Amino acid sequence: MTVTQPVVCTTVAQLREEIAARVAAGAATVGLLPTMGALHHGHLEIARRTRAENDLAVVSVFVNPLQFGPGEDFESYPRQLAQDVAALAAEGVDLVFAPPVEEMYPGGAPVVSVTSGTAGAVLEGATRPGHFDGALTVVNKLFTIMAPGPRIPFRAYFGEKDAQQLLLMQRMVRDFDHRVEIRPVPIVRSERGLALSSRNQYLSAEQAEHALVLHRTLVALAAGELTLEQARERVAAEPEVRLDYLVTVDPQDLELVDPAPGALALVAAWVGPTRLIDNMRI
Ligand SMILES: Nc1ncnc2c1ncn2[C@@H]1O[C@H](COP(=O)(O)OP(=O)(O)OP(=O)(O)O)[C@@H](O)[C@H]1O
Ligand SMILES: CC(C)(CO)[C@@H](O)C(=O)[O-]
Ligand code: BAL
C-alpha cells in the first residue's frame with residue numbers, strides 16, 4: 001500500500017496557505033489534534049479519528065516552552081519528529097504543523113497571553129503553576145492560525161487523560177468565542193491499564209510495573225471497594241510512587257465532591273522522577 005506523506009509546515013504562513021488551498025479545493029471540514037509529539041498509540045487513535053471525521057486532518061507537534069515550569073522536563077522532553085511524521089502518514093494525516101519555538105514566539109514569551117484563573121490554579125495547576133496559562137496560550141494561537149472561516153466546521157481533539165486541560169480548553173472556547181468544536185477522546189490504555197503518555201518513555205521496567213497502581217486504584221475506587229482515604233494509602237504505599245493528589249470532583253467544574261456515582265476521580269503521582277496523571281468516572 002502506498003502511503004501519502006503529510007505536508008510538514010514549519011511556519012504560520014505556510015500552514016495558513018495550505019489550509020486555504022485545501023479549503024478552496026473542496027475540503028469542507030477541518031480537524032486539529034494538538035500534541036507535543038513523541039507520539040504513542042493514544043495519539044494515533046485520536047489522529048485516526050481526526051482523519052475519519054474531517055476532510056482535512058491536521059496534527060500539530062510543538063513542545064511548548066510556555067507550559068513547562070522551572071526544573072521541569074522541557075529540555076529533555078522526547079523529540080522525534082521524523083518518526084512522528086511517519087506514524088501520522090500511516091494514519092492518512094494531511095498536514096503536520098511543526099514550528100520552531102521562534103516561529104510561535106518571535107522575540108520571546110508573548111506580552112499578551114491567556115490566563116486560566118482559579119480553575120487553572122488547582123490540582124495540576126497547584127503543582128505546575130503557569131502550566132495551563134502556557135497550554136491555553138499556545139492552543140489559542142493554534143485556533144487563531146487555523147480558523148478556516150465561517151462556513152467550514154472546525155474541530156479540535158483533546159484527550160480525557162488530561163481532564164483539567166480539556167475542561168479549560170472548553171472554557172476558553174466559550175470565553176473567547178472561538179469557532180471550534182472541542183471533541184473529547186476517551187483515555188487509551190496499555191493492555192494492563194496504564195494510561196498511555198509520552199512521559200511513560202521515562203519509566204524503567206520496574207517503575208512501569210509500579211505505575212499500574214494508579215489505574216488499579218482508580219478501578220477499585222470506582223467499584224466502591226476502597227474509600228478515598230484507603231485509595232490514597234494504597235497509591236502512597238507503592239514502592240517508588242509519591243502521591244501528589246487523589247481526589248473526586250464534579251466533572252463540570254472540578255469542585256471537590258464525595259466519591260459518588262457521576263464524580264470524576266483524578267490522580268497525580270510521581271513514579272521515580274516522572275509525574276503521571278490518570279482519571280476515571282465513578
Ligand atoms: N492515553 C491517552 N488517551 C487519550 N488521549 C491522550 C492520551 N495521551 C495523550 N492524549 C491526548 O493527546 C493530546 C496531546 O498530548 P501530549 O502530546 O501531551 O501527550 P501525552 O502523552 O499526554 O504526553 P505527556 O506525557 O507529556 O503528558 C492531549 O489532548 C492528550 O490529552
Ligand atoms: C494541548 C497541548 C498540545 C498544548 O501544548 C499540550 O498541553 C498537550 O499535549 O496536551
Ligand atoms: N499532556 C499535557 C502536557 C504537559 O504535561 O505539558
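1. A residue is taken as near a molecule or strand if its C-beta atom, placed from the backbone, lies within 6 Å of it. The structure is a predicted model, in which local features need pLDDT of at least 70 and side-chain atom pairs count only at pLDDT 80 or more, while totals for chains, interfaces and linings use all residues. Residues are numbered from 1 along each chain as its sequence is written, with chains lettered from A and ligands numbered from 1 in the order in which they are written.

2. Ligand 2 has around it Pro34, Thr35, Met36, Asn64, Gln67, Ala135, Val138, Val139, Asp162 and Gln165. At least two residues of this shell come from each of β2 (30-35) and α6 (131-146). The largest share, 3 residues, is that of α6. The class composition is 5 nonpolar, 4 polar and 1 charged.

3. The strands form an open sheet of 6, in the order β1-β4-β3-β2-β5-β6, with parallel pairing; two strands pair if DSSP finds at least two bridges between them. At the edges stand β1 (7-9) and β6 (181-185), each pairing on one side only. From one strand to the next the twist averages 25°. Axes are lines fitted to C-alpha atoms, for helices over the stretch in contact, and angles run from 0 to 180 degrees between N-to-C directions.

4. Two pairings may be examined in detail. Strand β1 pairs with β4 (residues 95-97) in the parallel sense over 3 bridges, and Val8 stands opposite Val96 in β4. Strands β2 and β3 (residues 56-61) run parallel and are joined by 6 bridges; Leu32 has Val58 in β3 as its bridge partner.

5. How many residues of β2 are buried? The count is 6 of its 6 residues, so the strand is mostly covered, a residue being buried if 20 or more other C-beta atoms lie within 10 Å of its own, exposed if 12 or fewer, and partly exposed in between, with C-beta atoms placed from the backbone. Val30, Leu32 and Pro34 point one way from β2, and Gly31, Leu33 and Thr35 the other way. Pro34 and Thr35 also belong to the residues around ligand 2.

6. The chain is divided into domain 1 (7-185) and domain 2 (198-277), with bounds from an automatic or database domain assignment. Their centres, taken over C-alpha atoms, are separated by 26 Å. The contact takes 13 residues from domain 1 and 9 residues from domain 2; two residues are in contact if their C-beta atoms, placed from the backbone, lie within 7 Å. On the side of domain 1 that touches domain 2, α5 (124-127) and α7 (163-176) each supply at least two residues, and the largest share, 3 residues, comes from α7. That side divides into 8 nonpolar, 3 polar and 2 charged residues.

7. Helix α7 also lies across β5 and β6, and runs at about 170° to β6.

Technical notes
Helix = DSSP H or I, 4+ residues; strand = E, 2+ residues; numbered from the N terminus. Nonpolar A, V, L, I, M, F, W, Y, C, P; charged D, E, K, R; others polar.
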